[in-house]
Amino acid sequence: MNTSGTTNVEMPIAVLAGAPARMQADNEQRGAVVPPPSSKANARWVALSQAARILSQLASVALLSRLLQPEDYGLMAMAMVVSNCAYLFRDMGTAAAIIQKDRLSPAMVDTVHWTNVALGLLIGAIVLLAAPVVAAAFHAPDLEPLLRVLALVFPLSSFGVSRQALFERESKFSLVAFAEVLASFLGLAVALVLAWGGAGVWSLVAQVFVASAVLTAVFAAASGYRPALSWQRAQFKALLGFSGHLTLFNCVNYLSRNADSMVIGRLLGTAPLGIYSMAYRLMLFPVQNMTWVATRALFPVMSRHQNANAEIARLYLKSIAFIAFLTAPMMAGLAALREPFVTLVFGERWNAVAQVIAWLAPAGFIQSVVSASGTLFMAKGKTDGLFRLGVAGAVVQIAAFTAGSHWGINGVAGWYLTANVILAIPVLHFSTRLIGLGMGDVLRAIWRPVALGLALFILLSVADKAMANAGISLMPRFCSLVLAGALAYALGGYAFAREQFRDLFRFLRVAP
């Protein structure tokens with residue numbers, strides 16, 4: 001079994017999978033804890049997988065949109081509302097529990113596997129039975145057959161959940177990345193062929209189904225784990241505290257993530273909601289992708305160090321400094337150049353988006369730093385604390401959205417920023433306290449990227465105004481400012497945040 005945390009990409013898939021999971025679990029039950037993996041190697045593979053997913057999504061939009069009708073995308077969007085909600089309960093947090101556990105027995109792995117299979121069958125049955133009711137609620141009869149087919153995805157994917165968790169536990173992200181990239185592009189290829197043949201919305205359904213089937217097949221073929229016909233109630237109860245609270249947190253987080261859209265849609269209408277949601281997506285896209293890579297890569301590493309607070313603290317501070325170093329220039333640049341960016345990309349009718357971005361960009365930076373706190377709670381097995389903070393956060397955010405709606409979408413965005421500032425304090429306090437740190441340690445880790453980001457914002461804002469007053473047209477002005485801003489931040493990073501600057505180049509220089 002590979003214990004170094006790195007993987008040879010030339011090795012076949014069966015070897016990349018490492019020792020059979022049952023052998024690993026036997027070793028752990030005898031007291032041999034899985035050695036700590038490398039967060040840097042993990043991050044490279046997760047970043048590769050995420051980049052491939054983004055490329056696949058962009059290709060899907062660019063190519064399929066020319067072959068399909070808007071009504072097809074509308075039907076699929078309705079179907080995904082149901083699927084995304086059901087996805088929250090797909091494994092009830094048991095996959096994360098496999099990754100987090102310090103020692104793992106074969107009985108626990110088998111219990112998790114059959115629990116996931118049962119959940120997949122149950123969720124699939126619920127979606128299947130609810131299909132006519134949902135279709136009637138949306139006043140879309142064509143939605144019913146789509147949901148009936150998509151219901152099959154849940155029992156199908158349930159056979160790969162525990163196997164994927166075992167790979168991530170061992171930091172075999174090379175195999176996970178291979179499976180996810182293959183699934184993304186095979187799903188897209190099938191969708192393109194079907195759409196070209198006139199299949200309409202069914203090409204989008206097939207894309208989801210094929211991607212899930214490929215993932216499950218690769219994990220089953222590559223894994224040495226073969227589940228025994230065993231399910232133990234004691235093992236399930238041992239997982240219930242961790243996985244139950246994690247599932248509840250995901251549900252609360254889903255509510256708080258969508259509460260702004262519900263409040264704006266109900267109180268302000270569809271047009272303001274469209275403007276706000278566009279600004280929110282612009283803010284969230286870079287932040288979400290970067291933090292997803294970092295937290296997914298860190299979780300198995302921190303879990304292996306869960307009893308060594310000093311090492312977790314070192315990893316945590318290094319990670320938030322690196323995340324801040326990456327997101328600070330993006331959010332600063334987005335805020336400073338929001339008006340030319342929106343006009344160039346979306347057109348003048350979307351100019352109101354720029355005003356909302358002014359509030360959401362700093363909120364995005366705060367979220368990027370705070371996001372690693374959830375990994376700390378999970379690695380330490382304190383998902384009950386994560387759930388309580390999630391409930392408090394949902395209450396504060398919903399109250400902020402409601403209060404801000406009296407001043408329109410800019411009021412909602414402003415109060416959203418205020419809520420993020422307020423919530424960041426207790427989240428950082430309680431999460432860092434788990435590993436013997438304090439707020440001062442967090443501020444010392446991120447103050448350099450914050451200062452560089454503020455300096456970049458001022459520089460670009462002043463330069464943009466000066467160039468506009470000089471009569472320089474929009475496109476050359478925007479492009480030159482982006483290049484100048486990138487160069488200025490790179491020079492500032494080299495001079496004042498050299499550790500993060502070097503970490504970035506080491507990350508980019510070395511192939512996965």
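Colleague: How many residues does α12 have, and how far does it reach from its first C-alpha to its last?

Modeller: Helix α12 has 35 residues and reaches 47 Å between those two atoms, close to the 51 Å expected at 1.5 Å a residue. The expected span is 1.5 Å times one less than the number of residues. Helices here are DSSP runs of H or I with at least four residues, strands are E runs of at least two, and both are numbered from the N terminus.

Colleague: And what sort of model is it?

Modeller: This is a predicted model, with local features needing pLDDT of at least 70, side-chain atom pairs counting only at pLDDT 80 or more, and totals for chains, interfaces and linings using all residues. Residues are numbered from 1 along each chain as its sequence is written, and side-chain values use heavy atoms, with hydrogens and water left out.

Colleague: Where does α12 bend?

Modeller: At L284, by about 35°. A proline, P286, follows within four residues. The bend is the angle between axes fitted to the seven residues ending at a position and the seven starting there.

Colleague: Is α12 mostly covered or mostly open?

Modeller: Mostly covered, with 25 of its 35 residues buried. Buried means under 20% relative accessible area, exposed means over 50%, and partly exposed is in between, using a 1.4 Å probe and protein chains only.

Colleague: Zoom out. How many helices and strands are there in the protein?

Modeller: There are 21 helices and zero strands. The protein has 512 residues, and buried ones make up 50% of them. Take contacts between residues at least 6 apart in sequence: 83% of these join residues at least 24 apart. Contact means heavy atoms within 4.5 Å.

Colleague: Now aromatics. How many pairs turn up?

Modeller: A search of the whole structure finds eight aromatic pairs. In one of them, Y276 and Y280, the ring centres are 6.1 Å apart and the planes are at 20°, so the pair is stacked. The rings of Phe, Tyr and Trp (its six-membered ring) pair if their centres lie within 6.5 Å; planes under 30 degrees apart are stacked, over 60 are edge-to-face, and the rest are tilted.

Colleague: Where do Y276 and Y280 lie?

Modeller: Both are in α12, residues 270-304. They are four residues apart, about one turn of the helix. An α-helix has 3.6 residues a turn, so residues three or four places apart point the same way.

Colleague: Which residues touch the most others in the largest nonpolar core?

Modeller: Y276, M302, Y316, V353, V356, L360 and Y416, in a core of 70 residues. Helix α13, residues 309-336, gives the most to it, with 15 residues. Apart from this core lies another, of 26 residues, among them L147, A191, A195 and V205. A nonpolar core is a set of buried Ala, Val, Leu, Ile, Met, Phe, Trp, Tyr and Cys residues joined through side-chain atoms within 4.5 Å.

Colleague: Tell me about L147. Which helix is it in?

Modeller: L147 lies in helix α7, residues 143-150. L147 is buried, at 0% relative accessibility. Beyond four places in sequence, L147 is in contact with A79, V82, V127, A131 and V134.

Colleague: What about S83? Which residues is it in contact with?

Modeller: Leaving aside neighbours within four places, S83 is in contact with L150 and F154. S83 sits in helix α4, residues 70-87, and is buried with a relative accessible area of 9%.

Colleague: Next, α8. How many of its residues are buried?

Modeller: 15 of the 17 residues of α8 are buried, so the helix is largely enclosed by the rest of the structure. Helix α8 bends by about 35° at F159. Just after α8, S171 takes a positive phi of about 60°.

Colleague: Last one. What lies over the face of Y494?

Modeller: R498, at 4.3 Å from the ring centre. A charge sits over a ring if NZ of Lys or CZ of Arg is within 6 Å of the ring centre and within 35 degrees of the ring normal.
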